[in-house]
Amino acid sequence: METIENKKIVVPGEVLATGMDFLPSSGTYRDKDKIVSIYVGLTNVSGRVIRVIPLRGRYMPKRDDTIVGKIMDMTFSNWFIDMGCANMGVLSVREISEFVERGADLAEYFSHGDYVVCKISKVTRSSVDLSMRGPGLRKLGPGKLVQVDSSKVPRIIGKQGSMISMIKDKTACRIVVGQNGTVWIQGAPEDEMVAAEAIYKINQESHREGLTEEIASLLEKKASKNKPLTREDEEPIMERGRNETE
Amino acid sequence: MKRNDGRAPEELRKMEAKTGIIKRADGSAMFRIGETIAYAAVYGPRELHPKFMQNPEKGLLRCNYNMMAFSGSGDRVRPSANRRSREISMVIEKALEPVLDLTAYPNAVIDIFIELVQTDAGTRCAGICAAAMALADAGIPMKDLVSALSVGYLRNEIVVDINGEEDMNEGATDIAFACLPITGEVSLLQVDGEIKKDVLLKALDKAKEAAMKIAEVQRKALKERYHDKHDA
Amino acid sequence: MTSMMHDHITALLQKEMREDGRKPLEYRKPIKVEYDISPKSAEGSARVTIGETIVVAGVKLEVGAPFPDSQDEGNIMVNVELTPLSNPEYELGPPSVVAIEYARVVDRALREGHALDTKKLCIKEGEKVWTVIVDLYPINDAGNLFDAFSLAALAALKNANFPTFDKKTEKIDYKKKTKTPLPLDKSPLEVTVIKINGTLMVDPTIEEWKSVDARLTVGVLENGVICAMQKGGPKALTMEDISKMVDIAVEHTAKLRKLL
């Protein structure tokens, strides 16, 4: 059996393996005896299974993901939210924690240009339903926005939230990481900049060894010595890190 | 026979390619062949407006080819879509569509914008090369890249990648060609001028061979965006 | 407008900070001018980069009849197309009023600042004159197109040479460029100063641009004399604002001009 290099950069149409020894998985397809990449991405070989993990691309919505999105439009009963994927998310008035009177002006709750944190309740082929019922789901106040690749979100959150907790603690910022790659940061302006720098760095260099230590020293060096927020200051939001190989 | 710019019949002009040049776009690329320079940006898949154009079965691939006003070889090119650029935009869409699975994008659109900064023949083909790279750079799943070039038949000889001066030759036949590098399947074919069938088939073979060299340039450029970071 | 981004931007400004860490009167980096980006096709061309914003400019020359009121003078024309390639919010179609304003504001400084000696663009009085056309396109619109366009237009004019004009056939041979540059007399350059929540700033990002209360584009000549202005934005300016904004524009146009 031939050996396939792991974490190699490949492009669409690139033949990854020939023969029947390997099995094509996500990011690849079989063309007769060849396994071919469909992405600009990194190879991921485990046993006989070959995958290609894309390096860039729009967010693919998944049920139960927490996302940060922007209100783009509204009707009598729904808000339409841009979360950087192919279709707008739909937030129904019934899915927010407050009771909305019939015929109320929805703009009094959330209006164009507002940013909200929601949970994805349902994904169909051409629609994404959102919900704002749940701890921490809300409209976001003034803050800094950072856009990262959605594929890098697990690295930004870290194992059991270790990376993001470190950034929050050292910068004393409130941070909401949407699985769609939109990150909201609120704190002292200087600290917001430092938190953003750390997040950008993770986004850029996610594959590097020893990144956690580098981020720690960056935060140590640059973050002001503001008192970290106590847990009570923070609205709990479920942040699910994912397996990095996923 | 020597060509006007000293190239051998099967020699491509000098190529240059780069991705990620337009930060606001989901994907972008520059492709240069000789003096022809094309920029391409991809936005999407994003929601298609107006809503009545949405198709729940299949997404739309929408391309717009444009020559910048100063990019022509003679007079200033008047802005606004003309018949030529509309037809070219359409054939570019069709050249790229075979590598995409548009059924994955219900109600959505993938927009490709191509701008020619300078032209010296082969503009639609340079546009296709740039657009294919921009699509890949945007992380859109693609069965393969698409590589394109024009082939000429002039003075009883097949020449690859004709330049503007060759294109102006009396009796020159110009073939615009694009193919999928792995299978060699043809996704763009336009012939301007007289040609016998056996010569045409020979010309297409040479075009395919040359397209493989273009594909190498495209692949390299797509990887370069990540290379420094990857090795770091 | 009271969007979240607006609130964020104004909150930062209270501490004299901007979303990308700059000071109010600081430009993004890098700022650069490159020439000959379309040397085969255009008579002159340039690309300007300000931070992540990239624009290109190309100059074409045409020959035509003079205007009735200026029989011995050539003409200048500026055109802007807001390419959807450069910004997801731009759409295809005829030029929007936004594009028209960009073109007219750049045009005004070049024309009223007498960038070109239009008399030297005359081939035969009353019959044939040169028309100089500057076409401007954003490649990546990350804000501050006004300054980028103004700088690119001037750079492309500076880069341009006449093509050959055959007086017998009355045709231009674009393939044969002469060594004669355009009669560029002066270098009018524009800087746009914006005001958000009382703070005056230069080189706005896209988000800052959307939060502008008022803006003033000022065209300035090498000697510091003003040659064009355009006030924009929903709110009014005080006399004091205007005075300060002019000073800022004079200072920054001088800096930008050194890049040419």
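Author: The questions below concern a predicted model.

Reader: How are helix 3 of chain A and helix 4 of chain A oriented to each other?

Author: The axes of helix 3 (residues 189-204) and helix 4 (residues 211-222) of chain A come within 10 Å and cross at roughly 165°. Angles over 145 degrees count as roughly antiparallel. Helix 3 of chain A and helix 4 of chain A are therefore roughly antiparallel.

Reader: Which classes of residue make up the contact of helix 3 with helix 4 of chain A?

Author: Helix 3 of chain A contributes residues including A:Val194, A:Ala198 and A:Lys201, while those from helix 4 of chain A include A:Leu211, A:Glu214 and A:Leu218. By class, this contact has no polar residues, 4 charged and 7 nonpolar.

Reader: How many salt bridges are there between chain B and chain A?

Author: In this interface 35 residues of chain B touch 29 residues of chain A, and the buried area is about 2,600 Å², with 55% from carbon and sulfur atoms. One of the salt bridges pairs A:Arg56 with B:Asp137, whose closest N and O atoms are 3.7 Å apart. The count between chain B and chain A is 3 salt bridges.

Reader: Which residue of chain B meets C:Asp135 in a salt bridge?

Author: Chain B and chain C bury about 2,700 Å² between them, 58% of it from carbon and sulfur atoms. On the chain B side, B:Arg24, B:Phe70 and B:Arg76 lose the most area to chain C, together 30% of what that side buries. The count between these two chains is 2 salt bridges. In one of them, at 2.6 Å from N to O, the partner of C:Asp135 is B:Arg76.

Key. Residues are numbered from 1 along each chain as its sequence is written. Chains are lettered from A and ligands numbered from 1 in the order in which they are written. This is a predicted model: local features need pLDDT of at least 70, side-chain atom pairs count only at pLDDT 80 or more; totals for chains, interfaces and linings use all residues. Side-chain values use heavy atoms; hydrogens and water are left out. Axes are lines fitted to C-alpha atoms, for helices over the stretch in contact, and angles run from 0 to 180 degrees between N-to-C directions. Helices (H or I, at least four residues) and strands (E, at least two) are DSSP runs, numbered from the N terminus. Angles under 35 degrees count as roughly parallel, over 145 as roughly antiparallel, 65 to 115 as roughly perpendicular and the rest as oblique. Contact means heavy atoms within 4.5 Å. Ala, Val, Leu, Ile, Met, Phe, Trp, Tyr, Cys and Pro count as nonpolar, Asp, Glu, Lys and Arg as charged, and the others, Gly among them, as polar. Buried area is the accessible area (1.4 Å probe) that two parts lose on being put together, summed over both. A salt bridge is a side-chain nitrogen of Lys or Arg within 4 Å of a carboxyl oxygen of Asp or Glu.
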